[in-house]
Amino acid sequence: MPHTPPHRGADWMFCGVYGTVLAAGLLAALDEKGAAYTPFQDAGWVFVTAAAAALAHGYAHHMAGHRPGSAGHRWRMLVREVLHEWPLIAATLPTVALLVVAGFAHWEAPLVTTVGLCANTALLFGWGSFVALRVGYRLRSSLLIGAADSAIGVVIIAANAVIK
């Protein structure tokens, strides 16, 4: 009897929050004072790291729900789990796009980092609010959840200021 993994429902939305936090953290970490600014390489690193995280997360889900079955079935389930992680990668695309535009426009690193961290913080608010509404919270509670998610972005901004 083939095993189908449990319905993961709103996981795609939660992957969006995770991907946005990942992009913000990478953006902050890749901006090194005194080092050469390489926005195209930074964009590549954000994208590759997101893809690696999506693969690892999908693989972890697959292994956590492993059931006996044919090798072909297990491979199909693995592919299915990995494909469920696409929102994690998609959520990093605004940061990747910002870095690519910054490279073509020759924007300075501090400006790009500031804009990117603020944009990701706003996206975290949007993701949190949207996810909460989607899973059944009322508007006020959803906005509070969005504010809590955006607090993660504020923590990254503060950490970036303190560490750098």
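A: Start with a term. Helices are DSSP runs of H or I with at least four residues, numbered from the N terminus. Keep in mind that this model is predicted.

Q: Which helix gives the most to the lining of the largest pocket?
A: H5 does, with six residues. H5 covers 109-134. Both H5 and H6 supply at least two residues of that lining.

Q: How much space lies in the largest pocket?
A: About 280 Å³. The lining has 20 residues, and the closest to the pocket centre are Asp 31, Ala 109, Pro 110, Thr 113 and Asn 160.

Q: How do the residues of that lining divide by class?
A: The lining of the largest pocket holds 10 nonpolar, five polar and five charged residues.

Q: What sets a cavity apart from a pocket?
A: In a cavity, a 1.4 Å probe fits but cannot get out, whereas a pocket is an open set of points. Here the count is one cavity of 30 Å³ or more. The largest cavity holds about 40 Å³ of space.

Q: Which residues line the largest cavity?
A: Leu 27, Leu 30, Asp 31, Tyr 37, Asp 42, Leu 99 and Thr 113. By class, that lining has four nonpolar, one polar and two charged residues. Look again at Asp 31 and Thr 113: they line the cavity, and they are also among the residues closest to the centre of the largest pocket.

Q: Now the surface. Which residues form the nonpolar patch?
A: For a patch, each residue needs over 30% relative accessible area, and nonpolar side chains are joined within 5 Å. In this model, Trp 45, Phe 47, Val 48 and Leu 93 form one. Together they have about 400 Å² of accessible area.

Q: Which helix gives the most to the nonpolar patch?
A: Helix H2, residues 39-64, with three residues. Val 48 lies in H2.

Q: Why does Val 48 count as partly exposed?
A: Partly exposed lies between the two cut-offs, under 20% for buried and over 50% for exposed. Val 48 is partly exposed because its relative accessible area is 46%.

Q: Is Leu 144 buried or exposed?
A: Exposed, because its relative accessibility is 54%. Leu 144 lies in helix H6, residues 139-163.

Q: How far apart are the C-alpha atoms of Leu 144 and Val 155?
A: They are separated by 17 Å. Along the chain, Leu 144 and Val 155 are 11 residues apart.

Methods:
Residues are numbered from 1 along each chain as its sequence is written. This is a predicted model: local features need pLDDT of at least 70, side-chain atom pairs count only at pLDDT 80 or more; totals for chains, interfaces and linings use all residues. Side-chain values use heavy atoms; hydrogens and water are left out. Patches are made of residues with over 30% relative accessible area and no salt bridge: like charges are joined within 9 Å, nonpolar side chains (Val, Leu, Ile, Met, Phe, Trp, Tyr) within 5 Å. Accessible areas come from the Shrake-Rupley method with a 1.4 Å probe; for residues, only the protein chains shown count as cover. A salt bridge is a side-chain nitrogen of Lys or Arg within 4 Å of a carboxyl oxygen of Asp or Glu. Buried means under 20% relative accessible area, exposed over 50%, partly exposed in between (1.4 Å probe, protein chains only). On a 1 Å grid over the protein atoms alone, a cavity is a set of points where a 1.4 Å probe fits but cannot get out, and a pocket is an open set with protein on both sides within 12 Å along at least five of seven lines; lining residues have an atom within 4 Å of a point. Grid points are joined across faces, edges and corners, and a volume is the space filled by probe spheres set on the points. Ala, Val, Leu, Ile, Met, Phe, Trp, Tyr, Cys and Pro count as nonpolar, Asp, Glu, Lys and Arg as charged, and the others, Gly among them, as polar.
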